[in-house]
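Biologist: Can you walk me through this one? I'd like the layout before the details.

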Amino acid sequence: MMNGIGSIAAGIFGIFWTFFAVSMGAPWFFALFGIIFVGMAIVQAIYNLNNATNKNRFSEYDIVENSEERDPMQEYINNRVKDEQGSESDMDLKIEDQKFHYCPYCGANANADFEFCSRCGRKLPD
């Protein structure tokens with residue numbers, strides 16, 4: 001959501017940039033830069049706000065169980081591995097067989113047997 005708000009702010013900046021470039025008689029490429037800047041800000045704002053409010057959003061960090069929320073990016077990666085190898089890899093099978101928990105400090109996957117988080121190094125609760 002913060003990226004969407006930042007994109008809106010960037011778009012407003014681009015509008016001011018374009019307006020002042022044209023009103024001061026700057027070369028044409030300064031105004032063109034402002035127009036391109038506004039266009040990119042609009043595209044980013046739509047993508048980020050849609051991603052923040054969509055049910056099937058992409059998340060860089062997995063902080064919820066698969067039963068709570070699906071992760072389209074992980075599904076895409078798993079399907080790609082299956083397509084390249086013709087079947088599920090041994091790594092996928094091993095991961096599915098293990099019981100995972102999540103680190104309450106950074107959200108990383110942590111095997112139930114782990115005592116410390118592999119990402120942040122903090123001691124995991126029992």
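Modeller: We'll go through the fold, the helices, a surface patch and a charged pair. This is a predicted model, where local features need pLDDT of at least 70, side-chain atom pairs count only at pLDDT 80 or more, and totals for chains, interfaces and linings use all residues. Residues are numbered from 1 along each chain as its sequence is written, and side-chain values use heavy atoms, with hydrogens and water left out.

Biologist: What secondary structure does the protein chain have?

Modeller: Four helices and two strands. Along the sequence the pattern is α-α-α-α-β-β. Helices (H or I, at least four residues) and strands (E, at least two) are DSSP runs, numbered from the N terminus.

Biologist: How much of the protein chain is buried?

Modeller: Buried residues are 18% of the 126. Buried means under 20% relative accessible area, exposed over 50%, and partly exposed in between, with a 1.4 Å probe and protein chains only.

Biologist: And what is the accessible surface of the protein chain?

Modeller: About 9900 Å², with 60% of that belonging to carbon and sulfur atoms. Accessible areas come from the Shrake-Rupley method with a 1.4 Å probe; for residues, only the protein chains shown count as cover.

Biologist: On to H1. How far apart are its end C-alpha atoms?

Modeller: They are 32 Å apart, which agrees with the 32 Å that 22 residues should span at 1.5 Å a residue. The expected span is 1.5 Å times one less than the number of residues.

Biologist: Which residues in H1 are buried?

Modeller: Gly 4, Ser 7, Gly 11, Gly 14, Thr 18 and Ala 21. Seen down the axis of H1, they fall within an arc of 100°, so they line one face of the helix. The arc is that of the directions from the helix axis to the C-beta atoms.

Biologist: Why would that spacing make a face?

Modeller: An α-helix has 3.6 residues a turn, so residues three or four places apart point the same way.

Biologist: What covers the buried residues of H1?

Modeller: The cover includes H2. Take Ser 7, buried at 5% relative accessible area. Beyond its neighbours within four places in sequence, Ser 7 is in contact (heavy atoms within 4.5 Å) with Ala 41, Gln 44, Ala 45 and Asn 48.

Biologist: Is Ala 10 buried or partly exposed?

Modeller: Partly exposed, at 23%. Ala 10 contacts Phe 37 and Ala 41, again leaving aside neighbours within four places in sequence. Ala 10 and Ile 42 are 32 residues apart in sequence, yet 8.9 Å apart C-alpha to C-alpha.

Biologist: What's on the other side of H1?

Modeller: Met 2 and Phe 19 are exposed there. Just after H1, Gly 25 takes a positive phi of about 80°.

Biologist: New topic. Which residues form the nonpolar patch on the surface?

Modeller: Phe 13, Trp 17, Trp 28, Phe 29, Phe 30, Leu 32, Phe 33, Ile 36 and Met 40, with about 950 Å² of accessible area together. Patches take residues with over 30% relative accessible area and no salt bridge; like charges are joined within 9 Å, nonpolar side chains (Val, Leu, Ile, Met, Phe, Trp, Tyr) within 5 Å.

Biologist: Which helix gives the largest share?

Modeller: H2, with seven residues. Phe 30 sits in H2, and is partly exposed at 34%.

Biologist: Last one: how many salt bridges does a search of the whole structure find?

Modeller: One. Glu 115 pairs with Lys 123, their closest N and O atoms being 3.0 Å apart. The criterion is a side-chain nitrogen of Lys or Arg within 4 Å of a carboxyl oxygen of Asp or Glu. Glu 115 is partly exposed at 47%, and Lys 123 is partly exposed at 44%.
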